[in-house]
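Please work through the model shown here. The questions and answers that follow take up its strands, helices, core and backbone geometry.

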Amino acid sequence: MPPYNKQNFRRIKPGKIILGITIAFLIIYVIRGLGSDEEDQDYLNYKLEQLYSPDPKLIAYSQSHDTKKQQEILNDAEFLQDKAKKSKQQQQQPVRGNGGGGGASIPKFHGQRCESYLDYSQDFHEPYSEGPLELPFQRPKERCRTFASPAVEKVIEDLKTRIRDPDLSRLLENALPNTLDSTILWHKKAGADSSTRYSQSFVVTGDIHAEWLRDAARQLSVYQSMTNYDDDLKELMRGAINTQASYILINPYCNAFHPPPGSNIRKGNTHMDKVTPRAHWKYVFECKWEIDSLASFLTLTNEYYSATKDHTIFNQLWFNALISILTVLQRQSSPTFDEDGKILPFYYTFQRDTNVGTETLPLAGTGNPVNFNTGLIRSAFRPSDDACIFQFFIPGNAHMAVELNRTSSILASLGDKVDNEELPKFIEETKKFGETITKGIYNHAVVEHGEFGKVFAYEVDGYGGSVFMDDANIPSLLSLPDLGFLDKEDPIYQNTRKMILSKKGNPYFLQGKHFKGIGGPHIGIHNAWPMSLLIQIRTSNDDQEIMENLKLVMKTTGNLGLIHESVHVNFPDGIKYTRPWFSWANSEFGKTILDLAQRKPHLIFKDEYVDKPYKVESLGVGQPKHVEN
């Protein structure tokens, strides 16, 4: 009989049990952290409503100038969630409607038998234009459009009457209204129900189901001159400003956000990166710190006020967003080391699990060091969402300086129209920041180039390091006059322009057999962006240069009659492109044609209109509806 052998049972070590339990709890925590709109749909509405609450914590936030204390109050998630749940029983659900009346607008592409515009934009639709390009009609059917503005329609029809080239007319007809036609996935008017004190608007960038602060502001910019002639358009803009203000209060370092809770709009896939300060991933789509995101919120506000003189947009929500902006700018002006070489605190870090170098930051997510006493503001990422090499991103700093100065001037003009005791302080702080940044740009970013003379660098570190290049995304060096930072005839800008529009001076100026323009690392070294040609047109007084670029843009839509994100420079007609539905580029095209219609009508108008510059104010669109002064 064989000897008895005791079975060797494998024992599980206690450490592994503890590790397994810990991982399980972490998974549950993450899943619960993602949450659902049904559970938290009133969170964002509460963020708006809280400004009218007598709760001591909220009063302390509004009145405090201690940034640390403000951040503690703002990040008191348990307090906010508890208040939101209590208010939920008293608030009505948003009305699912078609954008009319006081209800909430929902994306019509998810109902009424409307095709997704992502698919629709890649098909050809009749009637075709009567020019040699035979461009299709790419506007969705009226019942499938996400927003309608009589003022915008009037401008389109009037321009179609004037424009000489039928292909250009069709491209404008498709592009100018594209944002309104397809990206206003949710709009809710103020007073639509008992829970909505502020109007709200959610604007997606196109084929990505999220709102970028910068993209949305640029998409809507083309309509600002028409806003004062259309009450519904005005309310849409107010909603866009309010929603962006609430996003900034949620996390001012983030660049892109999910649909507002309660909108019943499907979320996109969140980029859950390792970020400090920790992002609220229920509401945040991506959290890359880009200085132009906050500058774009100010652009949206400043353009709206300039068009309408509607001072009521400067409510307590807006001022609290401004407090957050100024706090972030102060923190991001901090250098890596002090004058004694001591490492200073890092207020923002970002790390992504990726094999793409431009998608994350070096040095444990802090980015490359920057010097002290520059007057410049750090930006971790560019408007292309690519990581900065040196974090003093000059176009972004210029954009912020312009908007801070504009904000200061506008606030100074309000007088007693706005009830805010801290108004003089906001006027002073925005002006001081704007002037300091401008001085920093001229002190540290104007560099002597061996070939082109004095030029603006794209990025600097304050130690003497400079990046000579430009990217198509706005803000860019090419767009500096368009932003309002300087005059297009400025000699330093003209040198810079020559540099960035040449293969010798800009590694991302791409020229192939069929297309040329500025690209960037985001797409690669084969694709230029039509957007760069549009900015080149708007910053030029040379008729030949303007028409050459305009014709090149028109010929490279892939025969689809829409402006795409980027075009492969070696494929004919733009048939190899990225992003069929990219509304930002379409809005920039509309803005460019409006610019030429006013500045150089002889280039695009019929003979009878060549000496009649086009101005919205003179078209009889409607009577201006300024708020009483």
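Two strands count as paired if DSSP finds at least two bridges between them. The model is a predicted one.

Q: What is the bridge partner of Glu459 in E14?
A: Strand E13 covers residues 459–460 and pairs with E14 over two bridges. The pairing has the antiparallel sense. Within E14, the partner of Glu459 is Val467.

Q: Which residue in E4 stands opposite Ile184?
A: Strand E3 (residues 184–188) is mostly covered, with five of its five residues buried. Four bridges join E3 to strand E4 (residues 200–203), and the two run antiparallel. The residue in E4 opposite Ile184 is Val203.

Q: Is Thr183 buried or exposed?
A: Thr183 sits in the loop between helix H10 (178–182) and E3. Not counting residues up to four places away in sequence, its contacts include Thr146, Phe202, Val203, Gln219 and Trp581. The cut-off for burial is under 20% relative accessible area. Thr183 has a value of 0%, so it is buried.

Q: Which helices do the buried residues of H8 pack against?
A: Helix H8 (residues 150–162) has 13 residues and reaches 19 Å from its first C-alpha to its last, close to the 18 Å expected. Its buried residues are Ala151, Val152, Val155, Ile156, Asp158, Leu159 and Arg162. They pack against H9 (166–175), H10, H12 (231–250) and H22 (583–599).

Q: How many of the 18 residues of H13 are buried?
A: H13 takes in residues 291–308 and spans 26 Å between its first and last C-alpha, close to the 26 Å expected. Just after H13, Lys309 takes a positive phi of about 55°. The helix is largely enclosed by the rest of the structure, because the number of its residues that are buried is 16.

Q: Which residues touch the most other members of the largest nonpolar core?
A: This core has 156 residues. Leaving aside neighbours within four places in sequence, Leu411 is in contact with residues including Phe314, Trp318 and Phe426. The residues with the most such neighbours in the core are Phe314, Leu411 and Phe589.

Q: Where does Pro475 lie?
A: The peptide bond from Ile474 to Pro475 is cis, with omega near 10°. Another cis bond runs from Glu126 to Pro127, with omega near 0°; Pro127 lies in the loop between H7 (117–120) and H8. The place of Pro475 is the loop between E14 and helix H18 (480–483).

Q: What is the relative accessible area of Asp385?
A: Most residues other than glycine have a negative phi. Asp385, in the loop between H15 (362–365) and E10, has a positive phi near 75°. Asn264 also has a positive phi, near 60°, and counts as partly exposed at 41% relative accessibility. Asp385 is buried, with a relative accessible area of 10%.

Definitions and conventions:
Residues are numbered from 1 along each chain as its sequence is written. This is a predicted model: local features need pLDDT of at least 70, side-chain atom pairs count only at pLDDT 80 or more; totals for chains, interfaces and linings use all residues. Side-chain values use heavy atoms; hydrogens and water are left out. Buried means under 20% relative accessible area, exposed over 50%, partly exposed in between (1.4 Å probe, protein chains only). A nonpolar core is a set of buried Ala, Val, Leu, Ile, Met, Phe, Trp, Tyr and Cys residues joined through side-chain atoms within 4.5 Å. Contact means heavy atoms within 4.5 Å. The expected span of a helix is 1.5 Å times one less than its number of residues.
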